[in-house]
Each structure stands twice: as C-alpha cells, then as structure tokens.
Amino acid sequence: MNAAADKLPMPLLPDLSRVPRVDEVGVVERAARFRTRSIKKDSKVAALKMVLSMIDLTTLEGQDTPGKVRQLCAKALHLHAVLPDLPKVAAVCVYPTMVSVARAALGGSGIHVASVATGFPSGMTDLACKLSETRQAVAEGADEIDMVISRGAFLRGDYQHVFDEIVAVKEACGDAHLKVILETGELNTLDNVRRASMLAMHAGADFIKTSTGKIQPAATMEVTLVMLQAIRDYYRETGRMVGMKPAGGISKAKLAVHYLIMLRETLGQAWMSPDWFRFGASSLANDVLMQIVKQQTGAYQSADYFSQD
Amino acid sequence: MSNKDQDSRLEFNTDWTYSPAPESTDHVRILDRYGLFIGGEFVEPDSGKYFATINPASEDKLSELAEANPADVDRAVKAARQAYRKHWSKLSAATRGKYIYRIARILQERAREFAVVESMDGGKPIRESRDVDVPLAAAHFFYYAGWADKADYAFPGRTARPVGVAGQIIPWNFPLLMAAWKVAPALACGNTVVLKPAETTPLTAMLLAEVIQEAQLPPGVVNIVTGAGATGAAIVDHPDIDKIAFTGSTEVGRIIQKALAGTQTRYTLELGGKAANIIFEDAALDQAVEGIVNGIFFNQGHVCCAGSRLLVQESVADDVLARLKDRMETLIVGDPLDKNTDIGAINSKMQLEKINEYLEIGQQEGAAMHQSSCPVPDKGYWCRPTVFTGVAQSNRIVQEEIFGPVLAVQTFRTVDEAVAKANNTPYGLSGGIWTDKGAKIFKVSNQVRAGVVWANTFNKFDPGAPFGGYKESGIGREGGLHGLKPYLQLA
Amino acid sequence: MANDEKLMARAVRQGNAASATGAAQKPRKLALASEPERVGVLKTYKLYIGGKFPRTESGRFYKAEDHEGEALANMCRASRKDFREAVVAARAAFAGWSSASAFLRGQILYRVAEMLEGRKEQFIAELSALGATPAKARAEVEEAIDRLVYFAGWCDKYQQVFSSVNPVSSSHFNFSLLEPTGVVVIVAPQKNPLLGLVANLAPAIAGGNTTVILASEKLPIAAVSFAEVLHSSDVPGGVVNILTGLRSELLEHFAAHMDVNALVYCGNDQKQIKQVQELAADNIKRVIVRKLARWDDEKSRNPYLLADTQEVKTTWHPIGK
C-alpha cells in the first residue's frame, strides 16, 4: 500500500522525550471548536455515508455465539434494505474464536474480518500466548488484528518491552493489518497518549486505536485529536501514513461527524477513507442510518424501524 | 518533524467540504433609522443629520443613525446629570445592582439577536459573536451588578462614592462587549453614563438602549449618542462630565489626554498594542499553534491585545511554522453569518486599505509573505490570514499596530533575547508565553512590560480579570475589582 | 382574626397560598365542613436529601404547630440514619460543586432568588401561619430573596477580597487562596425560619461547600418549601440537604460525624454549644457559633460569613529560566 513502509529499516524505539508536550486545556478547547462546526444538507449526507463506510461493526462480548456473529455479518451485508446506494461498512470485528464464523459469513463481500488478539482486553498474557493467538486469528481468515499494548509496562516506563511486543505481533500478523490499541483510558495523561502513539507507529502499527471499549473513558475527541497529531508528526518524519481508529463510546451520528471534521482539519484529504480511518462501534450504524433516512424524508426516525443485530 | 516536510505535505482542500450553514436573520429587527437615546427615549438629533451603517460583508446599508452634535451631547449630559442627582445616586446600592442584573438577564434572553446584529454590522464571525462577545457582555453586567453593594469591601478603610457622569467612547472591534465593559462598572458604582459607540458599528448599542428601556432603568441613567470623531470630541470637551473612559487608538488617546489636561476630569484610556507571543522550545507545540491562531486571527486581528508578533525559539521555529501553515489552511474566511466561518469581514473599507498598505510595506521591507489559499467572496472587505517571516525588529510591520490578520514572525535563541525583543516597543498591553516549564512562566511574566500576560493560552477575557496597558497602551484597568476604582471616589 | 389565621394555615397545607393571602377574601368558618367546593389536597412535608424528597427512614413524625398551638402539618422527625444519608449525598456532591466555576455558582444562586421571587406569596402565607404579621412575613421573604442575590454576587468576588499574593524573600511566586472546607452542617436558627436558613446557607454554598441543614424545629414548614425552590433552580442534588427534626436529638450526631468538616450552630444554648464543641474535636471539626438575634442587618449580611467556612491554601512556585 505504501512504498515507504517496505523500506523501513529494523524498527527502533524512538526517543520519547522528544515527542512534543501536550497541554490538556488547549486540547479540550480545540476539540470543542470542532464541535461548533455546523454540517448541513449535502455535506451532512456525504458525511453520514462516509461514517458508515468507516465502521468496524463490533461484537466483543463473553456471551457471543456463532449465531450472533452471523447476524452481525448479515447486518453488515444488508445495512438497511429500504435504502439503496449505501456504502458497506469497513469490517466486522470479533474475538479470535469467531473469526472463522465471520469469514464464512462475509465471504467475498469485501468487508474485512478484524479480530482482537493478544489477551484482549487486558493484555495480561505472555508474549508466546499473544503471538499464537495472533497467528491463529490470521490463519482462520482475519484481515486485520486489533492488539492491545501492555499498559502496565508502559506506565512503569518499560517502553522497550511494549515496543518489542508490538514488533513481534506485527511480524506474526504477516499480511494482516495491525491495529494497536493504546487503551487511552488507562494511560492517564495526554502526554502518555502522544508518546504511546509514537511508540506504536515506530514499532510498525498500521493503525493506532484508542480503546478496547471495556474501560471508561473510551474514545474521546481529545484523545483522538492527540493521536491524529501524532500520526501527522510521524508522517512528516517518515513519509509513512498510519491509520486511526477511535473505538468505544461513539454511538451517535452527530458525534461521528464531529470526528470527521476533526480528521479533515488535522490530517486532510489523504486520510478521509476507510483505508485510514475507522470507527469501532456497535450501535453507531443504526443511528447513522436513522439520520440518513431523516435527511431523505424530513421526518425524525424511530429505532423500531431499524434492525438491531 | 521537518525532515520530509516537502514530500509529506497535507492536503486540506478536501473532497468533502462544509455546505453553507448561515445563521438565520428572520428573528432580527433592525429599524431603518435610529435616533439618539437620551433621557430614556429615542429622540431626533438637533443636528438633523443621519449617517449610514453598512454590512462590511455585503456593502449593503443596514440602517441610519443620528449624528450627535455638541448640542445633542449637551442634552445627553444634562439628562445624565439629572438622572444622577434625582434617581441613581438616591437608590440603595443593592437596588442599583438589581437593575444591572436585569440588563444581564435580558441580554442572555436576547443573546441570539445580539449576536446576529453584531455580525451583520461589524463583520465578525457569528461563532465569535455568539460564543464570545454576547455571553461575555452579559457576564460583565452580571459580575458588576454584584459589586454594586460591595464596593466598600474592595477598598478597605475607604468609603466609596460615585464620581458622577461618565462619558464613554468605544471602538468598533467589540461593539457590545466594550459597551458592557464601560457601562456595567459605571452603573454599579452609582454613576450615570453618556456612551458613544463607533460610527461603523452602532447597532448593538441601539439594541442595548432597548434593553435598558426593558429593564426599566430610570430615564437618563444611560444615554447613547451616535456619531464619529466630532461627537467623541464633544463628549471629551463637555465641562459637566466627571470621567472619560476611552478605548481606541493611541493617537486619539493622546489627543484626549491633552484635551483633559488642567481639568478635574478623570480618565482611563485603553489604547493600541503590538503584543509578542513567545514560544519556547519546550512548549506544547500544537496548542501553541492554536494560541498563535487565536492570538492573531481572532476577530480578523481587530484586537488591541492581539498577538501580532510571534517570537519563536530558533530550535523549533521551522517546526512551528510548518504546523502554523497547516492550521491556517483550515481557516475559513467568508460570510460572517455562516456558522463555520473562522475569519469574517474586515470591519470597514478604510481598515482594509490600511491593512493592505501594511502588506505592501512588509514586502517592500524584504519580509516573506505567506497567505492561506482559501477563497474569499467577491463583494465585501476581506483579508486572508497572513504571516510574514524574515522580519527585522526595525521593520514597520513589527513596530506598528496593523489591526488585521497579519502576523510578523521573529526568532530568538535565549530567554533574555525573547524578553528584550518583546519589550522593545512603545506599547505594553499584552503578551503570551508558551512553555511547559512553570518557573519560566513566572520569570518571563515578571519581565514582560505589559498589563496582561497569558501563559499557555491567549486572548482570554473574563469580567473578573483586570485588563489594561502599560506605556502607550493606556492608563487604568477595566474588569475585576480594579475596574471599580476609576468609577469611584474613595474618601 | 384567629379564624382567619387558621384558615390561612390550612390553605398553606393545601398548597393554596393565593387564597391564604388574598386580602379581599372573607374568613369562612369551617370551610372544610361546609364544603360546597372541592376538598383540598394536603401537602406532605418530607425531607430533602440528594436531590430527592424521601420520608424519614424511621417512619417517625412530629407535629408542626402554628403560633396558637394548632397542628399545621406532620413533619418528618429525621433520624441519625437520615442524617448519615444526607452527609453521603453532600460528600458526593462536593467534588462537582466545589469545582464549578464561580460564575456558574453565581448564576445558580441568582436563579434560586428568581424562583423564590416567583413563589413569594406562598412563603408569605407560610410565615404568616407561623405567626408573623403579613408585613413582617413579606419583609422576611423579600430579604431572603435579596440575600440570595447578595451572595450570588459574592461567588466570583470573595477570592478577590480575601486571597493574596505573598511577597516571600526567595525566588518563588507565592499565593494564598480560599477553598471550601467541605461538608458543612448548618443548625438553622429557630426564629426567622426562612431568612435565618438562607442567611446561613447562602454563604456556605456560594463558597463551594455542600451542606446538611437542620431546619428550625418549631417552624419547619418554610424550610421544606424552600427545598422545593432549590430543587427547581439548577442546584445540583446533594449540594443542599434539608432535614426536619429535633435539635436535641440530632445535635450530637452532627457534631460527632467524622465526615463533616464544619458545623454552623445558630443559637445561644450554652450547654448545646459546649457539647458540639467537645464532640467536634474528634475530627477537628470547625465550629462556627452564630448568636445573632436577627438576620436582616449587616451583621448577617457580609462576606465574612462566607469566609467562615473556607480554608486558606498557600502555593509556592519557583521563578526561574
């Protein structure tokens, strides 16, 4: 996908002390500013469709069954029967044991199968487990792997450990794309978020992702902004594009559109596609569909008319 | 971050753009003609003359306003004096406060109308008039309403009494907000007022007159006279005014100070500025860039305390400029009433000509000029966000106040050099410091000769925070506890 | 005359304030018996804890009487467990209220004043039923409204009056500011059931504290009605909690509670004051005793009441390159 990526030398842990500082108050103000943008008419419809195309439709519950995963895949394939010309969602995101089910259900639709791995959500397993889990998910047909970093190691300052794990998992991924989940809700400060972003990208992440969805707060605009700025800095430094995936807590179309505004004004045109930006969400798709129908009919919608899978 | 700047450019001219999102104007009522607000009523001017106010974004005429001559000003002063003697000074302080609370509340209720009219008349983006000017104006009335019966606690050991009749002359960059800054403390301290808004932006002052009627203030407590420089001069020269409060250019401030020499009239002056925004290498760079943008492009750069000079430490200069240029590409210049507009119309043709003259001067002086690539409308007065690099301390664009969206960038190596450059100006209104190191904030803040210093932020205003300049940036403070003093006699 | 006031008292219970004060209305003897009109709905007076109106968990009650000894209403006789719940609610509300901007606190206090102004007649009726002359009742309600406005104004000003920058000799920026002390229990005055409560409550919450108030024992109904005003005024639940009950029963629990930071005692009972001060020592509780006989003059209307429930924090910060 990206010529520069192939030429990357042996990854080295970057000097995190050189990563620019983050002032939280300033970030909060900037994020609020995006929310004052007003998206109407054509630009709203275009934004809603773009959001749909960027969704990783997700189910990550202990109570998941093959039946439920198949239902979710069916939803991915047929978002809303009465609306023609809808884009497809980007991927279906499941646990490793459900990869083969999702793979079979999605077939050659072009919708990717993403699997969480590496002891999701806590990451509290050893490297061997993490690698075998990754390899298994890829072998069963996962196109994308969403790994978690070892937050404990990061917080105690053992950056090399975190870095080496990502490098190893990246290698285990083979051709599958690697999304690295920072679990920003456990990193405490935006300075940590920015450093962890840099670390993950240097270690080979194809995407960086905010959260597992199991820890609060999950994705916020503030955290996502800091990660987007880190992606920009990394791009300026290396020429390699890295994708961004906010996950958890984005369930309303309006909020998702605010994220798009932030993406547009931070990274610009090149990132405005499902190749480079995803939403990890379960209930977002239906709200977006409701807004699209509202734009078409002029009437506010009821959840009763949209299938919940 | 600068290694691959050339090949790794970001493209902000995106396929997905924002459709127009204009704020509706149908709830707004602007009369064809406004008289002078004297003694609680709108009256015909003795001059018989009217002047037009236009929308700088469309060049359309919005309304006509009476031109107050010296006889009109005299009428207004007499009304103020009478209201002071008969009503306002006789009320209990708490009751005065209640009237001012009413003004604050009515402003909050009519906020959207005020925001739209402010943007139509002055060209500022609706986002700013809606989120900054109008709420801050209401907050100012709210804050000073509370002081009305508490002034004795502000000046222990003294008994506070009002001064009398205040003549107040305000500029066109924050028309309603400046009216609030002037009127609220004056009334709270028990004074009555003759206010003159700027001739290019008088409409929200006329709406404020309506609010004052609605709040049922005794007639004559607030009088509003419209007109240009001659009207202002008539206020300054009037013998029965006890205090002059002026916000505007240093040039006019000097004239006022001379005119008042030898009289008993008190005065406060809030004048020009050429503030330095200092970025140290250990700053949070992306937030610093926001501060630069907010410092110079807020309100089209029509801000006396604008961060019009950027001093950036050499080691991060290229990096900061690259980030700044990216950020500038995302700024939307255009229709002030569009909710997505970041930079509205230049307030007047005259001001646009002045800014354009400085753009010429800057280039002639040898500086490199960079402007964002955004489109601007054909009709109306516009200026793209502009940055000059390669400027010298002696350049006119570094020395003189441009009052537009034009930033002059210089670099420095040491803290002492930054402070020396920041202070090397006749002005002293404000300054900005960006560093992650707290100790440096206090050190540099101590050394910068300016009335307001923002650390890791810029262009922040609050009714509780005093504002005003050192040196040629003015005399006296407005806002906060200190803002009471100019309106009180302390016995 | 006596009949008139009794009717007034009944009307108060029925939430029918307008008829209670309607000057033109003639006294109707035995209004309830001669009922050609509808039967009024009697109001139940409950506690106010954490933004809700529960009954006392104890199920106990006591009679609130009008000034002639006639029963006005059955009041909740709050227990120590009710008090415990109130402290939990106040503690939970403290983080949010104490960090709310001064401007916002001012707006909210002003909103309380607006709401009270809107229900002025009801309170005049209640105070009249409790024995105040109509003129005095009106004066008390109006002063309570004005007092709320007064302290609304202090919210964003007391720091400017009481805090300081301290010129220390070393290269440090040194400043002291006020911070709310925490959960404040207020034992409201027995007289002036509305103004006395407001005069002590307003400065405490203006300064960012959260509160538990014991209403006037003999004259409690206006306090419960005031809780309804607070409830409709954007005051977050838990910032003000109002209990009714017996002072002698609850006082020791107030003073002994380890999670109460300050106690404002309004009254002049030396025995009670000593008891409170002794028990308060267990957690070095601040005890503020207010012996004022009246609550409508400068002695009860000043920012020092606010400063009473504040802590001073001094911060040192280096100055250097």
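The following paragraphs lead through the structure from its chain contacts to selected elements of each chain.

This is a predicted model, in which local features need pLDDT of at least 70 and side-chain atom pairs count only at pLDDT 80 or more, while totals for chains, interfaces and linings use all residues. Residues are numbered from 1 along each chain as its sequence is written, and chains are lettered from A and ligands numbered from 1 in the order in which they are written.

The contacts between chains come first. Two residues are taken to be in contact if their C-beta atoms, placed from the backbone, lie within 7 Å. Among the two pairs of chains that touch, chains A and B have the most contacts. Chain A and chain C do not touch, and 15 Å separates their nearest C-alpha atoms.

The contact between chains A and B takes 32 residues from chain A and 31 residues from chain B. On the chain B side, helix H4 (126–147) and helix H10 (285–297) each supply at least two residues; helices (H or I, at least four residues) and strands (E, at least two) are DSSP runs, numbered from the N terminus. H10(B) gives the largest share of this side, four residues. By class, the side of chain B that touches chain A has twelve charged, ten polar and nine nonpolar residues. Here Ala, Val, Leu, Ile, Met, Phe, Trp, Tyr, Cys and Pro count as nonpolar, Asp, Glu, Lys and Arg as charged, and the others, Gly among them, as polar.

Towards chain C, 23 residues of chain B are in contact with 20 residues of chain C. Helix H2 (93–109), H4, helix H5 (151–154) and helix H15 (438–447) of chain B each supply at least two residues of this side. The side of chain B that touches chain C divides into 13 nonpolar, six polar and four charged residues.

The interior is described next through its nonpolar cores, each a set of buried Ala, Val, Leu, Ile, Met, Phe, Trp, Tyr and Cys residues joined through C-beta atoms within 7 Å. A residue is buried if 20 or more other C-beta atoms lie within 10 Å of its own, exposed if 12 or fewer, and partly exposed in between, with C-beta atoms placed from the backbone. The largest core has 187 residues, and those with the most contacts inside it are Ile100(B), Phe141(B), Leu109(C), Leu148(C) and Ile213(C). Apart from it lies another core, of 173 residues, among them Ala47(A), Leu79(A), Leu289(A) and Val320(B). Beyond its neighbours within four places in sequence, Phe141(B) is in contact with Ile100(B), Ile103(B), Ala104(B), Leu107(B), Ala180(B) and Ala184(B).

In chain A, helix H11 (residues 253–266) is mostly covered, with twelve of its 14 residues buried. The buried residues include Ala253(A), Tyr259(A), Arg264(A) and Glu265(A). Their cover includes helix H2 (24–35), helix H3 (41–53), helix H10 (221–238), strand S8 (279–281) and helix H12 (284–297) of chain A. After H11(A) comes Gly268(A), whose phi is positive, near 80°.

Chain B also contains strand pairings; two strands pair if DSSP finds at least two bridges between them. Three of its strands form an open sheet with mixed pairing, in the order S1-S5-S4. Strand S1 (33–34) and strand S4 (50–55) of chain B are the edge strands, each pairing on one side only. S4(B) runs antiparallel to strand S5 (residues 60–66) of chain B, to which six bridges join it; Ile54(B) has Lys61(B) as its bridge partner in S5(B). Elsewhere in chain B, strand S17 (residues 430–434) and strand S18 (residues 452–455) run parallel and are joined by four bridges. Within this pair, Ile433(B) stands opposite Ala455(B) in S18(B).

Chain C has twelve helices and ten strands, and 47% of its 321 residues count as buried. One open sheet in chain C has three strands in the order S3-S4-S10, with antiparallel pairing. Strand S3 (164–165) and strand S10 (310–318) of chain C each have a single partner strand, so one side of each is left without a neighbour in the sheet. S3(C) pairs with strand S4 (residues 172–180) of chain C over two bridges, and Val165(C) stands opposite Phe175(C) in S4(C).

Leu47(C) lies in the loop between helix H2 (17–21) and strand S1 (61–65) of chain C. Leu47(C) is buried, with 26 other C-beta atoms within 10 Å. Not counting residues up to four places away in sequence, Leu47(C) touches several residues, including Phe53(C), Cys76(C), Ile242(C) and Leu243(C).
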